[in-house]
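Subject: Structure for you to look at

Hello,

Here is the structure I promised to pass on. Please open it first, then read my notes below.

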Amino acid sequence: MTSLRRVLAPPALVAVVAVATVIGLGLFVIPPDRLQGQVQRIMYVHVPSAWIAYLAFFVTLGASIRYLWRRDLGADRLAAASAEVGLVFTGVTIVTGTIWGKATWGIWWDWDPRLTTTALLFLIYAGYLLIRASLADRVRRARASAVIGIVGFANVPIVHFSVLWWRSLHQPPTVIRPGDPSIDHLLLAELLASVLAFTVLFLYLLDRRLDLERARDEADQALLVSS
Amino acid sequence: MNDVAFVAGAYLVALGALAAYAATLVRRLRAARAARAAIDRRGATPTTEAATQPQAN
């Protein structure tokens with residue numbers, strides 16, 4: 001686990017350089033979209049943030065299952081850390097989405113299926129963290145949050161496929177969809193590069209958040225021993 | 001507002017939020033480690049959120 005973390009956890013500088021590079025490319029090098037114009041550039045932060053949120057909640061799902069299976073507190077810490085980072089990325093997704101919506105639809109918010117299910121996703125994982133903070137017993141906290149981490153993930157595919165299942169103001173998927181991606185190859189390359197850079201940033205943030213969770217557990221343990 | 005303002009706003013909000021979160025993580029981690037060190041040194045009452053969380057039974 002430690003050696004795996006050493007490989008997966010990038011230094012802050014690598015994360016910053018990766019994100020700065022794709023932001024620079026997305027803002028100044030890649031040409032604007034033929035139909036949407038400049039405002040389409042929001043896609044390079046909005047879509048990666050959404051995908052990273054999915055990834056983070058998937059990590060929470062896997063770690064929650066592992067906790068319930070093995071009673072491994074390390075898995076519980078990973079689940080909690082990933083949920084918080086995922087919540088931040090979900091918040092970024094929602095805010096950048098509202099800005100993009102105002103620019104293209106003329107409104108900041110609409111209760112359409114994609115926006116509503118994404119807001120619900122935010123609330124589910126905010127609730128996950130609130131419940132963790134409210135439970136004193138370490139084992140009860142881990143068990144309750146594992147259940148929420150598993151059940152809550154059910155909303156992720158609903159968010160993603162909501163634009164296909166229901167009539168939606170939000171555009172349908174352009175990359176993860178039946179058939180070929182409906183996006184220009186250059187724009188797609190920049191989008192995938194952005195996803196990669198945001199993944200590096202996610203791994204950095206997750207590593208830091210995991211350190212914090214471990215430090216808190218150690219402090220709690222030391223306090224128990226000393227008292 | 002023109003399109004460039006929307007794009008600039010979205011990037012500023014996104015990158016600002018992520019940078020602020022990263023900074024918060026570093027600060028919270030330092031506080032948790034300081035609390036742990038204080039407990040180890042003196043067995044003293046902790047002073048940060050990390051060690052003031054309710055204890056497991």
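In which helix of chain A is Asp207(A) found? Asp207(A) sits in helix H8 of chain A. Bear in mind throughout that this is a predicted model.

Is Asp207(A) buried or exposed? Asp207(A) has 21 other C-beta atoms within 10 Å. The cut-off for a buried residue is 20 or more, so Asp207(A) counts as buried.

Now the chain as a whole. Chain A has 8 helices and 0 strands. Along the sequence, the pattern reads α-α-α-α-α-α-α-α. The C-alpha trace of chain A spans about 65 × 40 × 30 Å along its principal axes. A compact globule of 227 residues would have a radius of gyration near 17 Å; the 19 Å of chain A agrees with that. Of the 227 residues, 44% count as buried. Take the contacts in chain A with a separation of 6 or more: 76% of them join residues 24 or more positions apart.

Next, one helix in detail. Helix H2 of chain A covers residues 12-29, which makes 18 residues. From first C-alpha to last, H2(A) reaches 25 Å, close to the 26 Å expected at 1.5 Å a residue. Its buried residues are Ala15(A), Ala18(A), Val19(A), Val22(A) and Gly26(A). Seen down the axis of H2(A), these buried residues fall within an arc of 90°, so they line one face of the helix. What do they pack against? The buried residues of H2(A) pack against helix H3 (43-70) and helix H8 (185-226) of chain A. The face of H2(A) turned away from the buried side carries exposed residues: Leu13(A), Ala20(A), Gly24(A), Phe28(A) and Val29(A).

Last, the contact with chain B. How many residues of chain A take part? There are 36, and they are in contact with 32 residues of chain B. On the chain A side, the elements that give two or more residues are H3, helix H4 (73-105), helix H6 (138-152) and H8. H8(A) provides the largest share, with 15 residues. By type, the residues on this side of chain A divide into 20 nonpolar, 6 polar and 10 charged.

Best wishes

Definitions and conventions. Residues numbered from 1 in each chain as written. Chains lettered and ligands numbered in written order. Predicted model: local features only at pLDDT ≥ 70, side-chain atom pairs only at ≥ 80, totals over all residues. Helix = DSSP H or I, 4+ residues; strand = E, 2+ residues; numbered from the N terminus. Expected span 1.5 Å × (residues − 1). Buried ≥ 20, exposed ≤ 12 C-beta atoms within 10 Å, placed from the backbone. Arc of directions from axis to C-beta. Contact = placed C-beta atoms within 7 Å. Rg over C-alpha atoms; globule rule 2.2 N^0.38 Å. Nonpolar A, V, L, I, M, F, W, Y, C, P; charged D, E, K, R; others polar.
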